[in-house]
Amino acid sequence: MCGIVGYIGHRDAWDIVIKGLKRLEYRGYDSAGIALMNGGLKIHKKAGKVSDLEAHTLHEDRSGTTGMGHTRWATHGAPSDRNSHPHRSGDGKLSIIHNGIIENYSVIKEALQAKGHVFSSDTDTEVLIHLIEDIHSDTTDLLEAVRLALNEVIGAYAIVIMSQDSPDQLIAARKGSPMVIGVGEGEYFIASDATPIVEYTKNVIYLKDSQIALVKRDELVVKTIDNIIQTPYIQELSLQLEMLEKGGFEHFMLKEIYEQPRSVRDCMRGRIYPNEGKVQLGGIKDYADKLKNVERIVVIACGTSWHAGLVGEYLIEEYARIPVEVEYASEFRYRNPIISEKDIVIAISQSGETADTMAAIELAKERGATIFGICNVVGSSIPRITDAGVYTHAGPEIGVASTKAFTAQVTVLTLMALYMAQQRGTIKQSDLVSMLTELDEIPSLIEQALKSDEKIAEIAEKFKDSSNCLFLGRGSGFPVALEGALKLKEISYIHAEGYPAAEMKHGPIALIDEDMPVVFIATKNSSYEKVISNIQEVKARKGKVIAIVTEGDKTVKEMVDYTIEIPACNEAYLPLLATIPLQLLSYHIAVLRGCNVDQPRNLAKSVTVE
Ligand code: AGP
């Protein structure tokens with residue numbers, strides 16, 4: 001987690017860095033800081049949001065054309081002014097910003113303390129800049145000192161370093177944490193992702209793992225930390241600035257919920273041919289033969305992406321008839337999973353940077369499995385370490401609570417399931433034609449589902465003061481229930497649980513009383529009658545029921561307290577529609593409770609620590 005920005009050029013660095021940090025705040029927002037070269041190395045830092053730092057420094061001299069900044073998600077050391085980045089070396093002449101974790105920091109710290117180094121924060125990052133200082137005292141070239149220091153550290157890092165004695169340069173390096181360098185005219189931009197850069201240049205270099213860069217106004221030198229000079233590859237960004245703005249919505253999350261008709265359509269564009277009954281997935285086409293014969297698929301992911309994986313399990317097993325196991329990436333390597341070269345592993349991640357998912361991929365790779373990625377952020381780390389993959393093309397998701405990325409992941413998994421079914425001959429051609437025709441209609445049906453927004457806001461008013469909530473569904477309604485519960489938990493801080501509806505009687509039913517809201521996925525599909533029985537069990541115990549129902553359903557309406565209608569659809573596509581009202585319900589409840597919807601407490605958008 002943590003966001004980093006650096007700038008060297010002819011413009012005011014402060015403006016570029018502060019704006020960039022605001023764009024990266026989704027990566028962490030418990031403290032922020034900026035270092036500027038301004039007649040010496042000046043550092044401004046503060047616990048709190050980037051806007052707090054801005055307010056705090058309003059009357060300071062913030063000029064200078066070289067600078068770097070950091071927005072933090074605390075790992076080592078509580079959020080506080082002194083633990084905020086940038087950190088300084090002991091002599092105060094070097095400064096560092098860092099995203100990642102130096103795992104062997106305590107051993108290095110002890111060795112440095114023995115040599116007389118005194119530390120003023122609890123962070124691993126400060127240890128790294130002291131180590132660089134220590135090596136620099138014997139090695140005059142700072143780049144070389146940084147390179148040697150990085151050879152001593154274990155862990156993950158994206159770092160930028162400024163030096164008072166070399167005011168016209170920045171040194172940047174990465175391993176395991178992302179870093180992009182924007183190439184301008186007589187200026188360079190450095191950031192954790194391209195969002196702070198796109199406003200100024202479309203030409204970027206994605207620094208590779210274990211690369212280190214010396215960045216001057218008119219010169220860029222890239223080498224590996226093994227000291228081999230590299231020729232960086234400049235590529236053009238397709239990201240548009242408007243994608244990063246709120247576009248008139250009060251919150252990014254609401255904007256992203258409303259973008260789903262578009263994002264799901266973008267995700268399918270050029271990949272489905274309903275009239276011909278054909279699915280085309282360029283990213284995995286070289287593996288068509290492997291898919292024909294594969295005996296097992298393992299899905300690894302975390303959080304919302306894991307929920308999408310559960311939906312994928314239903315779809316792949318139903319249509320392609322391949323057994324699927326869905327694993328929490330965060331648990332995968334803490335046992336000894338049985339995995340081999342025969343398996344296909346699908347790693348799902350919006351950010352493409354989640355450390356747990358990356359670690360699980362590495363383990364699966366070691367055991368010879370073929371790895372597919374389903375990621376949203378183009379050029380992120382996971383697509384680089386997987387064998388093949390399919391991008392979700394949902395566009396930048398800025399709200400920390402994932403919404404449009406989930407429906408895009410489910411869309412990709414639907415396409416994959418149908419593609420595999422097509423390759424393996426487990427679906428009739430006429431069925432594929434009708435499935436794809438119906439899938440093509442889903443964006444319009446999502447638009448219809450969004451029309452319940454006002455009604456959902458009224459329902460939210462009734463439940464805003466609840467302390468607990470249950471979400472229940474069967475079949476692919478179960479992952480939808482899990483996702484509904486996660487959304488409510490993370491943005492409104494109401495305790496919520498998702499369960500398979502039939503499991504309720506095995507325990508959670510004990511929780512039901514007149515204060516317990518229960519949200520049911522009760523649409524007309526194969527488990528409709530059974531879900532109705534579960535609703536009656538809750539009503540018999542005076543629970544308050546909100547049911548997501550198929551348009552026109554009267555039976556459930558008579559039984560429950562509130563209904564929210566979604567259009568009728570093929571059961572396979574239920575998660576794409578039923579999730580929409582749950583996103584809106586959480587959103588409205590969180591707003592009514594005065595919560596910070598886009599930046600919920602303790603969370604960060606991309607979780608780059610294990
Ligand atoms: C979703 O609302 C969460 N913020 C979180 O569970 C997220 O899905 C998880 O951290 C995985 O992230 P990824 O998709 O970027 O790998």
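Me: Does Lys115 count as buried or exposed?

Reply: Heads-up, this is a predicted model, with residues numbered from 1 along each chain as its sequence is written; local features need pLDDT of at least 70, side-chain atom pairs count only at pLDDT 80 or more, and totals for chains, interfaces and linings use all residues. Side-chain values use heavy atoms, leaving out hydrogens and water. Buried means under 20% relative accessible area, exposed over 50% and partly exposed in between, with a 1.4 Å probe and protein chains only. Lys115 has 58% relative accessibility, so it counts as exposed.

Me: Which residue does the side chain of Lys115 meet in a salt bridge?

Reply: A salt bridge here is a side-chain nitrogen of Lys or Arg within 4 Å of a carboxyl oxygen of Asp or Glu. Lys115 sits in the loop between helix H3 (105-114) and helix H4 (124-136), and its partner is in helix H4, so the pair ties together parts 19 residues apart in sequence. With 2.6 Å from N to O, the partner is Asp134.

Me: How many salt bridges does a search of the whole structure find?

Reply: One of them joins the side chains of Asp266 and Arg269 at 2.6 Å, N to O. Those two also belong to a network of salt bridges with Lys255, Glu259, Arg262 and Lys404. Over the whole structure, the number of salt bridges is 27.

Me: How far apart are the end C-alpha atoms of helix H13?

Reply: Helices are DSSP runs (H or I, at least four residues) and strands too (E, at least two), numbered from the N terminus. The expected span of a helix is 1.5 Å times one less than its number of residues. H13 runs over residues 404-424, so its 21 residues should span 30 Å. The model agrees, with the end C-alpha atoms apart by 30 Å.

Me: Which residue just after H13 takes a positive phi?

Reply: H13 itself is mostly covered, with 18 of its 21 residues buried. Just after the helix, phi goes positive, to about 70°, at Gly425.

Me: And which residue with a positive phi follows H19?

Reply: H19 (residues 574-592) reaches 28 Å from its first C-alpha to its last, close to the 27 Å expected for 19 residues. It's mostly covered, with 17 of its 19 residues buried. The residue that follows, with phi near 75°, is Gly594.
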